[in-house]
Amino acid sequence: MPFCHACGSEIKEEKPQRSTQCEQCGADVHVCLNCRYHDRSAPNECREPQAEWVRDKDKANFCDWLELSERGPRDRGKEQAAKSTFEDLFKK
């Protein structure tokens with residue numbers, strides 16, 4: 001079950017169109033941040049090697065490779081907490 005990158009609510013549409021918006025917050029759904037291939041550490045922040053570069057990862061795009069991610073809002077929170085903890089190691 002995929003979740004909106006902006007508000008964490010469930011996305012009910014399986015194959016969103018470019019114009020699809022979240023029913024709760026109105027954020028675009030067809031975006032890199034909702035995609036299973038999105039990875040900040042990968043080239044172009046995408047694990048799909050054939051995908052074209054997208055500048056705004058939180059804006060609707062025309063990527064044909066988009067597959068909604070099953071990561072929930074809690075998973076993203078863990079990622080942010082780990083990054084914050086890592087950065088704290090280097091603060092004086």
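Predicted model: local features only at pLDDT ≥ 70, side-chain atom pairs only at ≥ 80, totals over all residues.
How many helices and strands does the secondary structure of the protein chain come to? The chain comes to one helix and zero strands, where helices (H or I, at least four residues) and strands (E, at least two) are DSSP runs, numbered from the N terminus.

Residues are numbered from 1 along each chain as its sequence is written, and side-chain values use heavy atoms, with hydrogens and water left out.

Let me begin with the overall chain. Its C-alpha trace spans about 45 × 30 × 20 Å along the principal axes. Of the 92 residues in the protein chain, 33% are buried. By definition, buried means under 20% relative accessible area, exposed means over 50%, and partly exposed lies in between (1.4 Å probe, protein chains only).

I turn now to the salt bridges. Side chains of opposite charge can pair when their charged atoms come close. The criterion here is a side-chain nitrogen of Lys or Arg within 4 Å of a carboxyl oxygen of Asp or Glu. A search of the whole structure finds three such salt bridges.

One of them joins the side chains of Arg36 and Glu67, at 3.1 Å from N to O. Both Arg36 and Glu67 lie in the segment before H1, so this pair ties together parts that are 31 residues apart in sequence. Arg36 counts as partly exposed because its relative accessibility is 39%. Glu67 is likewise partly exposed, with a relative accessible area of 37%.

The C-alpha atoms of Arg36 and Trp65 are separated by 9.6 Å, although the two residues stand 29 residues apart along the chain. Trp65 has its place in the segment before H1, and Trp65 is partly exposed, with a relative accessible area of 33%.

Another salt bridge links Arg47 with Asp39, the closest N and O atoms being 3.7 Å apart. At 45% relative accessibility, Arg47 counts as partly exposed; Asp39, with a relative accessible area of 23%, is partly exposed as well.

The remaining bridge is formed by the side chains of Lys91 and Asp88, which meet at 3.3 Å, N to O. Lys91 is exposed, since its relative accessible area is 60%, whereas Asp88, at 41%, counts as partly exposed.

Which residues form a nonpolar patch on the surface? They are Phe86, Leu89 and Phe90, and together they have about 400 Å² of accessible area. Accessible areas come from the Shrake-Rupley method with a 1.4 Å probe, and for residues only the protein chains shown count as cover. Patches are made of residues with over 30% relative accessible area and no salt bridge; like charges are joined within 9 Å, and nonpolar side chains (Val, Leu, Ile, Met, Phe, Trp, Tyr) within 5 Å.

Leu89 counts as exposed because its relative accessibility is 63%. Phe86 and Phe90 are both exposed too.

The structure holds one aromatic pair. Phe86 and Phe90 form this pair, which is edge-to-face, with 5.1 Å centre to centre and 65 degrees between the planes.

Two backbone positions deserve mention. Asn44 has a phi near 60 degrees, a positive value in a residue other than glycine. Glu45 also has a phi near 60 degrees, again positive in a residue other than glycine. Asn44 is placed in the segment before H1 and, at 43% relative accessibility, counts as partly exposed. Glu45 is placed in the segment before H1 as well and is partly exposed, with a relative accessible area of 29%.

A cavity is a set of points, on a 1 Å grid over the protein atoms alone, where a 1.4 Å probe fits but cannot get out; lining residues have an atom within 4 Å of a point. Grid points are joined across faces, edges and corners, and a volume is the space filled by probe spheres set on the points. The count comes to one cavity of 30 Å³ or more. About 120 Å³ of space lies in the largest cavity. The lining of this largest cavity has 16 residues, of which Cys32, Cys46, Ala51, Val54 and Cys63 lie nearest its centre.

Technical notes. Phe/Tyr/Trp six-rings, centres within 6.5 Å; stacked < 30°, edge-to-face > 60°. 1 Å grid on protein atoms, 1.4 Å probe; cavity = no way out; pocket = protein on both sides within 12 Å on 5 of 7 lines; lining within 4 Å.
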